[in-house]
Structures are given as C-alpha cells and as structure tokens.
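User: I would like a close look at a single part of this model, followed by its wider setting. Please give the cut-offs behind each term as you go.

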Amino acid sequence: MRRTLGTGTSSRTLRTRRTALVAAGLVAALAAGASAAPAFAAPASAASPAPVSAKITSDKVTSGPDAEALSAALAGLPDHDATAALLRVGGDGSWRGTAGVRDVRTGAPALENARFRAGSVTKVVTAAIVLQLAAEGRIDLDGTVQRYLPGLLTEDFEPITVRQLLNYTSGLRPGASLGDTVEEGFAHRFETLTPRQVVAASVAEGPAYDPGTRQTYGNIHYTVLGLLIEKVTGDSYAHQAQVRIFRPLGMRHSSFPAAGDTGIHGPHNRGYDWIDGKLVDVTDWNMTDRFAAGDLISTTADLERFLVGLFRGRVVPEPQLDEMFTLPHVPDAHYGAALERIELNGKVVWGKGGSRPGYTAAIAATPDLSRTLVYSVNSTDAKGDGQQAAAERFAFPAFNR
C-alpha cells in the first residue's frame, strides 16, 4: 500500500557509539548477591566474577538492511547502556537479532521471545481503536471531549475534538505523575495513580493553549482517549484492545496488566536502570497511570504483526487510516494520529517509540512496507537518553539501504 505523505519532517542523525563497560562489569555492579534489596553494588574489594558472554543470534534471509552494522550494534551487549536487545527487520530484507542477558545476576542469555513494556507504542493501539470506532460511526473525529465525556473538562476549556487528541494538538497540560524521572518514581513504583486522577490534575491546571494551534506530544491526550473508548463502548480499554486488535491479528502475547499489577507475566528479560550510581532492577512497576498512553506489554513478533497489519489496512479501514499519516496544519508538526514522520537515510518512515523504566521499544516502517523494524532494548537509561540512543544504534542501520 502506497500513500501520499503529509508535509513536515523530523530527521535523525547517526551518532557513533562505543561503550567500554562489558558484561563482567555489569555483573560486578550486582555482585552483592541475590538479596531482596532494591539496589545492588559490589563492594570495592569484591572479586570480579567470570565474564559473561552475550549470546548473539541472527538470521539474515535476504539482502536489505545493513546487517553488518546491526550485528555490530548488538555485539557489545550487555554494556553500560543496555543489557539486552531484540530486533526484527522485515520487508525487502529480513533480519533477526538477539543479544545480551536475561538477568544480569545469572548471566542467562536474553530470550528472543521475551515480553517487554512497550511504553508509548501503546498509543498506536489506542489510535487504531478510536479510528475503528470512527469507521463504525460510533465516534465522530470532529466530535468533542465535552460531548463524549461531559463533566471531564471545566468551562475554562474551549471545545477539544477527538482528532485534536489523536494528533497531540488538544492544548491539555500534562497530568499527575508519581515522579518525573526514574529516580523520583522508583520509591512510588508500587503505588496506584488512576487515569482519572491523572486527567483531573491536568484539568485543574487549565488549558496550555487553544486547541488546534500547536502540537505538543504527551501522554495526556491518549489518557483521555482511553477514557473515551471506555465511555463509548461501555467496556474496559484493555478488553477492547484484545477483541479489536490482539485476537484478530494473532497477537497472543500482548496484553495490558490489571490495575495495580506490577509484574511482566510470561518469559521476559529483566529491566535495569542506573540510580544513584547503582544498577537497579526496575522490572516490577505499577504502570496503571500510563493506561492507554503507555501500559502495553508485548513481543517483537506481535508488534511486527500489528505494524504490518496496520499499514496494509487490515486494522483500520480507509479513509480513517489516513489520519495516522496526516500531519495537522500547525507549526513544526511531525505527528499524525499517534505515528511520527521521520526521515532516515533519505527514506520517509512512519513509526512510534516508547519507553518505561528498564525498557525502550519502537515500531517503524516505510509507507509501502518495503522496510519494517521492531525492536525492544533493555536500556539502562530508558527514560533519559536511552530511547534516542537506541533509535540511533538500531533504527539507522535498519533503514540504511
């Protein structure tokens, strides 16, 4: 399927990255043993354990992506910046790669089929559900939040349309948070902040600007869309994702945790973050507040099915699908409905990245599906520079030819 793309670009440049910390150093950082303490660091006098060798597997089926560069990007794992990475490249060339460790303590090799927190990739699922409902005539994209969710906003707000939520031009301010950084949030990781509380805090601050006048990326737009989905369908957001997206596409390993559930159920590679100079296990975390903006758990194979199905029109029908590839007429816009327009090595690519503590992920493809990319990286700075670093390390070579 080929598309006429909207205007506007967002370029990414490749930054040469080489890290000096190898697997043995990471294990040493956690060498204090299998205690239940949340942070671990080896005492200075502790002997370093035997080095852990990263298991690297790849399958290059045909020529296409820069396999040599992708292999080189995986070769150093685990390192200071990431403990594991899973890559799937498809289209005119197929390439798979897995490297790193499942658990820094044991050195067990990373799992190729690991489930992970996909962060803001969730927004693409949410947009797809909203656009399906629009195709069914149950939602009008020009209809307002005030119409569908009466009482949610105060009289201080001008009418905000569903389309403006989809393309991040609603003018809503960020909502409540249990911490703006991993360091701040770690102490509160088992607490619950509901989507309604998140939105209430945003509303209390009043509008940031008139709707439809600028584009400001943020979770709040999609938190409201999740509430809208539940109101219109009379069903939970998580169940709507199951029946509308996951089951039809055979995404058997994708889910949304129950409220307050802190774990990743099923096989997974553990996530870590550097906090106060120590490598801390941040796998278990209550993501209730992320909701329809960032609570998805999935696998690279499932997300590849979703990406291909979406771009082929099997998830959202025309003309609603065009919303994802249409930029709003505001300054410096580079997002359509959830998806971002990027230029990599002269190729126009549409995709979405996301991150949660210990995990960063992305899906991306050329409009004609001549090249697709899905990855999950166990970044040790996923909510800081780690998301951009992962994109430069893996996305650039994936679209290099």
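Which residues does Thr233 touch, not counting residues up to four places away in sequence?

Analyst: Thr233 touches Leu133, Arg138 and Gln240 when residues up to four places away in sequence are not counted, a contact being heavy atoms within 4.5 Å. This is a predicted model, in which local features need pLDDT of at least 70 and side-chain atom pairs count only at pLDDT 80 or more, whereas totals for chains, interfaces and linings use all residues. Residues are numbered from 1 along each chain as its sequence is written, and side-chain values use heavy atoms, with hydrogens and water left out.

Thr233 belongs to helix α8, which covers residues 220-233; helices (H or I, at least four residues) and strands (E, at least two) are DSSP runs numbered from the N terminus. Because its relative accessibility is 17%, Thr233 counts as buried, the classes being buried under 20% relative accessible area, exposed over 50% and partly exposed in between, with a 1.4 Å probe and protein chains only. The side chain of Thr233 reaches the backbone oxygen of Ile229 at 2.7 Å and the backbone nitrogen of Asp235 at 3.2 Å.

Rings of Phe, Tyr and Trp (its six-membered ring) pair if their centres lie within 6.5 Å, and planes under 30 degrees apart count as stacked, over 60 as edge-to-face and the rest as tilted. Tyr168 and Tyr222 are both buried, and together with Tyr217 and Tyr335 they form one aromatic cluster.

Tyr222 is also among the residues touched by Leu166, including Leu225, Ala127 and Val130. Turning to the protein chain as a whole, there are 12 helices and 12 strands, and buried residues make up 56% of the 401 residues. Of the contacts with a separation of 6 or more, 71% come from residues 24 or more positions apart.

Terms used: Polar contact = N/O pair within 3.5 Å; in protein donor to acceptor, adjacent residues only side chain to side chain.
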